[in-house]
Each structure stands twice: as C-alpha cells, then as structure tokens.
Amino acid sequence: MSVDLSPFLHPFARPAAPPESFIRFVRGEGAYVWDDTGKRYLDAMASLWYCAAGHGRAEIADAIRAQASTLAAYQCFDRFTNTPAEELAAKVASIAPMQNARVFFTSGGSESVDTAMKIARVTSHIAGKQGKTLIISREPSYHGVAYGSLTATGLSPNHEGFGPLLPDVVRVPKDDLAAIDAILEREGDRVAAILTEPIIGAGGVYPPNDGYLRGLRERCDRVGAWLIFDEVICGYGRLGTWFGAQHFGIEPDMVTFAKAITSGYQPLGGVIVGPKVREVLESQSSFILRHGYTYSGHPTACAAGLANLAIMEREGLVERAKTMGARLEKGLKTLVDGDRVAHVRGGVAVWALGLTPALDGMKLRDALLTEGIIVRPIGPGTVAYCPPLVTTDDEVDEIVAATKRAIAKV
Ligand SMILES: Cc1ncc(COP(=O)(O)O)c(C=O)c1O
C-alpha cells in the first residue's frame, strides 16, 4: 500500500497507477479540452463516446442550474413524477425508431442494459412463459459492468476474476447467424431476447455484415423473442439518424441509450420500450414493475437532456454527423499503408484504425496525446475515433494530420 496514491480509485485503470500518470482536465469548449498545465487537446473521442454537442455549452449548464435551483431531484417511484422527465420521455418517444413507445430512465448504460434484460424476462413471466429467460448477445461487444450487462458483454478480460456471472445469457460470435440458428433449433422457445449494438463500439468498432441485423429481426419474430438494440453509443445522432436502428432500417422492440442524450452533462440513460413490449407490461392492471433506480427520471438530468436535444436539433448535429464522419473516414483511409495501418472500419461518425502488429495502439494513443489529440486504443490492434458532432472540418483534418505524424514517430 502506498501513501502516494490518490484517494480516487479510477474506473478501468490500474489501482497501483501513480497520480502523475493521469492527465487532469480543467476546462472544455467545443471539440477541445484543456489540462491543468494549460495544454489544449482535440477530443477525437467525445470524452467516452458521449459529448455529441461539444464541451462548454452554457445553455445546458443554464438548464441544469435552473432545474437544480427549482427542484433539483425528486424520486419517481409510485406515485411521483416531474415535468422534465415527462417532457424528455415524450421527446425521446417522438424520435424513437418505433411508434407509440414509452421510456424508462436510468443513470447510465449498464443500468439501461440490465433494465432491458430484466424487462425481457419479466414480460415472458407476465405472459406465462416462465422458462423463457435466455438472452443471446455477441462477441466482441461491450454492454457495461453491472452483472447483467457484464455477462452480456463479449470481452472475456472484463469477466476475469469477478466470479459467477448471470445464468441463461449466451454469447455468440458477431455476424454469425448460423450460431444463433443452432441455439434457436435447440431451445428457441426459451429465448427471451437477442441483444446487439447496431455498430459495435467499445468492443472494437465493428459494423454489422449486410443483412445481419435484419436476420436477427427475422429470427426474433420467428421464436417470439425481443430484439434489443444497445444504442448507448449509436443513439442520439452518431450514425446520422437519431438512432442506429433508423440508419439500418430495422425496428427493434427495445432500445437502450445513455451518453449522448445529455452529451454527458448529467449522468442519464434509459430504455425505449416499443409497442409490443408495453402491451405485455400493461396487460394486467395489477402488475407492478418492481424495478427502478433512485435516480430514474431525475429532473435535473432530464433537464440537461432536453437542453442537449434542443441544441442538437437547432444546430442540425444529427445531419452534421454524416458530413463530419465522411471527412474523417476519407482522411483516415489515406493513412492505410498495409504495413502499419491495415484498414479503417466503422460507420458514419464512429471509426477505427485497424493496426498491424507492427504498430501498437497504446503507443499510438500516447504519441497522439503528445500531439494534443485524444483517441482511444482498444486492445493492441485498434484505435477508435468518435469526435463531438460539432467538430469542424479543419479540426477533423487536424485529427488526421496529427495521426499521420504520430504514426511516423511511434
Ligand atoms: C454499447 C454500450 N452499452 C453499455 C455501456 C455501458 O454504459 P455505462 O458505462 O454508462 O454504464 C456502454 C459504455 O460504453 C456501451 O458502449
């Protein structure tokens, strides 16, 4: 035990890491953040895939202040509600990829995925299908760190050491419909849901094969299972539509979201519940949904969400994702040399360099930090890019130019 360590035990970091290994950010504006030495960084990751509207938006801060100084928080369990939560649910339902949806609020992505998994199982229960509890997810994938969402996550290092995971969750290789068919043949009537990201994000930035998502929809319909889209990264504009489901033209039964709903100004997530799911939930008037978080429907978080979505609409940021992303894709593709950068993969405004073993992603990240650019390594072979949707053309060009310089230096 060292007394030199910070009392702050960091997420996804070495507990033994010395305090000087962390960069301390103090300010943000647009696509930039500044550290405590005054150094400026271009945030090509929108922090952790979430800051769509950019840093330092006074309008969102003002909305937070106004709500916090009126009614900062009040719980929403039976029989209480508040106007920001009601308004945000209505707004989200109006842009959702399914008609006539309702919205359950959480405080983040992991809680949202757990909520969708629990709703999938409890709707089987309500419908009298007690054994229908199996949830299929994929590898690789990232769905979070609570035990449900962690079990669904297809990244084995994240499971290591955490003991028994949730039963009745099976993971199959991505893009492999045959692997799903094998399960459905054996125990199709036990499948409660298939959980998938439209484009895999933190699991390595993998777009789906043509027809894969439609194949999932068909299989869910065939065995009466719910199709859950985990849109924690794709949701709120990243794919040039409000949700990835709309980009791919697929209607899921549930959508999980978090991150860009507030651009990260407040912790907020949720699940959009489509018409067939809500029909089951509402089918017995005495049924109580015994699930919810202290902060489900938190008025200050919801006020931040409303202000953020208003900015995104007014500034056309969902549309901007397409032009910004196309410029980034084009620029990154100029870096492919087959020698150190093997390929570029992703979609619309989320991209990754696929590296050969000759170039280590962690080292490239560190070289880019020296250049004042923030990217995210995923394993040794992938470096991800997910800039704020307000990133200008010049800033996109600088991200690409700095990456080129950094590759030459590593
Ligand atoms: C697709 C997806 N689902 C769930 C999560 C978990 O979200 P959180 O970290 O807010 O719990 C993430 C986080 O990156 C994610 O990318």
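## Val205 and the β7–α7 loop

Val205 sits in the loop between β7 and α7. Helices (H or I, at least four residues) and strands (E, at least two) are DSSP runs, numbered from the N terminus. The phi of Val205 is near 60°, a positive value in a residue other than glycine. Val205 is buried, because 25 other C-beta atoms lie within 10 Å. A residue is buried if 20 or more other C-beta atoms lie within 10 Å of its own, exposed if 12 or fewer, and partly exposed in between, with C-beta atoms placed from the backbone.

Asp210 also belongs to the loop between β7 (191-196) and α7 (212-223). Asp210 has 9 C-beta neighbours inside 10 Å, so Asp210 counts as exposed. Asp210 and Asp175 are 35 residues apart in sequence, and their C-alpha atoms are 9.0 Å apart in space.

## Model and numbering

This is a predicted model: local features need pLDDT of at least 70, side-chain atom pairs count only at pLDDT 80 or more, and totals for chains, interfaces and linings use all residues. Residues are numbered from 1 along each chain as its sequence is written.

Most residues other than glycine have a negative phi, and most peptide bonds are trans. Asp168 has a phi near 65°, a positive value in a residue other than glycine. Asp168 lies in the loop between α5 and β6 (169-173). Asp168 is partly exposed, because 15 other C-beta atoms lie within 10 Å.

Two cis peptide bonds can be listed here.

- Asp78 to Arg79: cis, with omega near 15°. Arg79 is in the loop between α2 (58-71) and α3 (83-95).
- Glu139 to Pro140: cis, with omega about -5°. Pro140 is in the loop between β5 (134-139) and α5 (147-152).

## Overall fold

The protein chain has 13 helices and 15 strands. The C-alpha atoms fill a box of roughly 60 × 55 × 50 Å, taken along the principal axes. A compact globule of 410 residues would have a radius of gyration near 22 Å; the protein chain has 21 Å, which agrees. The radius is taken over C-alpha atoms, and the globule rule is 2.2 Å times the number of residues to the power 0.38.

Of the 410 residues, 48% count as buried. Take the contacts in the chain with a separation of 6 or more: residues 24 or more positions apart account for 70% of them. Two residues are in contact if their C-beta atoms, placed from the backbone, lie within 7 Å.

## Two domains

The chain divides into domain 1 (19-53 + 316-409) and domain 2 (60-314). These bounds come from an automatic or database domain assignment. The domain centres, taken over C-alpha atoms, are separated by 27 Å. Across the interface, 23 residues of domain 1 are in contact with 23 residues of domain 2.

On the domain 1 side, the elements giving two or more residues are α1 (46-49), α11 (317-333), β11 (341-347), β12 (350-355) and β15 (382-385). Helix α11 gives the most, with five residues. By class, this side has 16 nonpolar, four polar and three charged residues. Ala, Val, Leu, Ile, Met, Phe, Trp, Tyr, Cys and Pro count as nonpolar, Asp, Glu, Lys and Arg as charged, and the others, Gly among them, as polar.

## Nonpolar core

In soluble globular proteins, nonpolar side chains tend to be buried together. The largest nonpolar core here has 113 residues. Such a core is a set of buried Ala, Val, Leu, Ile, Met, Phe, Trp, Tyr and Cys residues joined through C-beta atoms within 7 Å. Those with the most contacts inside it are Ile135, Trp226, Ile228, Met254, Ile272 and Tyr385. Helix α10 (residues 299-314) gives the most to this core, with eight residues. Both domain 1 and domain 2 give residues to the core, so it lies between them.

Beyond its neighbours within four places in sequence, Met254 is in contact with Ala116, Ile119, Trp226, Ile228, Val271, Ile272, Val273, Gly274 and Val277.

## Ligand shell

There are 14 residues around the ligand, and Gly108, Gly109, Ser110, Gly144 and Val232 come nearest. A residue is near the molecule if its C-beta atom, placed from the backbone, lies within 6 Å of it. Helix α4 (residues 109-126) gives the most to the shell, with three residues. The shell has six nonpolar, six polar and two charged residues.
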